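Dear colleague,

Please find below the structure that I am handing over to you. My notes on selected strands follow it.

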Amino acid sequence: IIAFAFAALFFFVESKSTTGFRVLVLLDEENDKNLFTQFFHSLEGNAITNLLIINCQILSSYFSYGERAFDHIIYFAPKTKDKKDNITPISLVNFVNDGGNILLAVSSELSENIRNFAREFDIEFDERNTYVIDHFNYDVSDNGKHTLLISNNFVNNEAILSKEVIEGVPVLFRGIGHKAGTVPLLTKILWANDTAYSSDFELLEQEPLAIGNDVGLISALQARNNARVTFVGSLEFFSDQHSKSGNKALVNDLTKWTFQEKGILRTTSRSHHKEGEYEQLEMYRIKDNIIYNIEISEYVNDQWQAFNGDDIQLEIIMLDPYIRKNLTALPILEGHHARKYESLIQLPDVYGVFTFKVNYKRPGYTYIVDTSTVAIRPFKHNEYPRFISAAYPYYTGAASMGVGFLLFCFVWIFNKDNGKLTANKKKTN
Amino acid sequence: MRRSFVCIYALTWQILALLMCSTILAQDSERGFIIADIKLAVTNSEAQRKLTESLTYPSSLDKLIELSQGDNLKMIFTIQDKATKSGIQPHQSLLVLSSHQTGSQIPILVKVRETGKARAELYLKSPTTRNLFSGNYSLNLIIGTFSHDNPINYHIGTVKIDIPKTYSAPVKYGPKPEIHHIFNPDQKLPPTFLSYSFVVIVLTPWLFLIGAWIHLGVNVSFLTSELETLPAIIGFLGTLSAIEILFYNYWTHLNIFQTLSWLSGLSALAFFLGQKALSDVQEWRLKGLR
């Protein structure tokens with residue numbers, strides 16, 4: 001039994017990622033790095049390269065002193081059965097939980113460890129030594145096994161793949177297929193044609209794990225902390241011999257997306273104030289009209305630009321959403337790096353502590369969850385309607401008393417008795 | 001001459017060998033297979049035949065195949081090599097149901113024996129274990145092998161599946177429907193007509209007052225007769241009106257402190273003016289004018 005020695009190559013790369021530039025590449029054998037020279041070259045870009053080849057005994061852990069030692073991992077070591085304590089599938093999951101991104105490629109000789117790791121992300125790889133086979137749709141340079149597939153079933157998501165890739169040349173894929181789950185965090189990026197199926201070369205005893213467009217070739221999951229894990233079923237996909245077809249462009253897009261250079265959003269500011277005022281209060285009144293706005297920018301071509309989305313929604317929540325409103329996007333002004341979204345809302349007539357939440361989750365883009373907490377108070381005693389129609393009799397009653405008093409004083413002072421009554425009195429007396 | 005004969009002999013054999021090889025190669029590049037004797041049957045749970053059809057590749061079935069809970073769809077056919085007519089066992093022989101609604105594909109394995117006889121069965125027992133839901137599906141037979149070229153994707157027909165399970169879409173991230181808050185209706189008050197009628201009722205004593213005054217012969221004759229004492233009396237009455245106006249302002253917009261400050265001033269004024277005015281009135285009385 002050969003103990004697999006994998007060499008870790010450190011690249012200190014200025015990959016212009018938003019989360020960091022420390023990349024770890026894991027291979028089964030040190031000589032494997034010659035298969036992927038073009039891929040590694042494209043990663044380096046135009047920046048500092050500090051190549052450090054380290055023996056596996058020294059790579060003890062993905063973490064150092066409780067923090068991630070790397071920002072991105074390229075895992076090209078499907079055959080390795082990790083026996084050491086710190087390098088297990090669980091430690092890779094911890095790496096993702098801590099915010100690290102992983103680009104993982106497997107071949108048909110994948111170990112059970114990798115299958116277990118993929119299950120954590122709702123991806124079920126097929127058994128060892130199975131391939132994705134398509135008798136209808138294989139490349140001319142196939143070796144008779146009908147496993148080198150041509151596929152252009154790309155996901156139509158411009159956050160992950162650029163337009164040139166989506167509409168461009170098909171890619172070549174030879175490897176193992178997987179079945180992706182239905183978790184909304186998962187995005188299928190490339191899948192097989194309707195006539196494909198995933199199997200080994202023996203006669204089928206039972207139905208394959210997946211057939212047709214259910215066979216996933218490349219899938220990716222973006223975790224809730226925005227860490228990205230991409231699963232590619234073919235290690236040959238990145239190799240030099242396949243880099244001439246559309247593979248190179250897709251690989252470029254995949255690495256850019258996985259390493260947080262693409263499809264990245266952030267909120268630069270959010271504010272809310274009463275209509276007609278400017279100050280952001282912590283307490284509003286029920287039925288107040290407020291204006292809420294939020295600014296979101298996107299990282300495109302290594303700089304922050306205004307975001308193009310138009311379906312941002314605001315939710316006003318107290319345990320349950322009371323109001324959900326689409327925010328309107330204001331036009332982009334010159335020189336602004338963020339897009340402003342605004343809306344005029346009337347607060348509900350329930351009082352309590354509410355949260356203004358923008359919960360923007362779309363496949364391919366980072367998740368934006370932006371909350372601000374406000375209190376909504378009921379009417380003060382002097383904010384009720386001042387005069388009500390049921391009280392008109394009382395108003396007139398009081399007014400007529402006042403007027404009557406003044407009139408009576410006026411009349412009493414200036415009255416001159418004509419003597420009629422006294423005359424009548426004298427008469428009757 | 002013997003040499004040339006040997007040459008020609010060798011040449012013919014070479015040509016023959018080449019021809020044989022080319023024919024063998026030609027046959028190899030055209031190695032295909034055919035499917036024949038396709039029979040489709042649907043039986044329901046009481047073992048009654050609902051549908052029996054024979055098909056020939058590549059024609060499809062026009063009418064709808066209807067399957068409900070407990071039904072059994074069975075299909076048999078034979079796969080043979082085109083040239084030798086011997087049975088082959090293809091690697092991929094699957095009956096695929098593709099949903100018209102979602103595009104998802106459900107496989108049914110076709111078991112092929114070495115003789116080339118193939119059979120597939122779909123049994124809709126309860127509860128359904130497959131990923132099927134109610135709806136229309138396209139039934140396709142996909143056969144592919146490594147040994148032969150020209151794989152077959154044969155559209156057999158449309159299947160309508162009627163089972164209790166319906167399709168429920170998985171949760172996907174996207175915009176959610178808007179929620180508009182329904183505000184409580186305003187407080188209901190009695191009809192304004194009623195309020196106005198009571199306003200009229202409240203104002204009716206004025207009729208009695210004015211009527212009684214006219215009956216008594218009430219007048220304001222001193223207003224015109226005693227002119228030099230007028231300013232004090234008018235001032236006094238004006239102060240009283242000012243106090244009334246102050247009360248009205250207090251009712252609308254003033255607070256108690258402003259009211260009291262105004263009131264202190266006005267009441268002092270009313271006191272002094274009133275003393276003068278009422279002493280004038282007393283003089284009138286003493287003079288015998290009243």
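Strand S16 (residues 228–232) of chain A is mostly covered, as five of its five residues are buried (under 20% relative accessible area, with exposed being over 50% and partly exposed in between; 1.4 Å probe, protein chains only). Strands here are DSSP runs (E, at least two residues), numbered from the N terminus. The model is predicted: local features need pLDDT of at least 70 and side-chain atom pairs count only at pLDDT 80 or more, whereas totals for chains, interfaces and linings use all residues. Residues are numbered from 1 along each chain as its sequence is written, chains are lettered from A and ligands numbered from 1 in the order in which they are written, and side-chain values use heavy atoms, leaving out hydrogens and water.

In a regular strand, side chains alternate between the two faces of the sheet. In S16(A), Arg228(A), Thr230(A) and Val232(A) lie on one side and Val229(A) and Phe231(A) on the other, and all are buried.

Two strands are said to pair if DSSP finds at least two bridges between them. S16(A) pairs in the parallel sense with strand S7 (residues 101–105) of chain A over four bridges, and Ile102(A) stands opposite Val229(A). With strand S15 (residues 216–222) of chain A, the pairing of S16(A) is antiparallel over five bridges; here Val232(A) is the bridge partner of Ile218(A). S15(A) and S16(A) form a hairpin with five residues between them, and Asn226(A) in the turn has a positive phi of about 70°.

Elsewhere in chain A, five strands form an open sheet of mixed pairing, in the order S18-S26-S25-S21-S22. Its edge strands are S18 (283–285) and S22 (320–326), each pairing on one side only.

Yours sincerely
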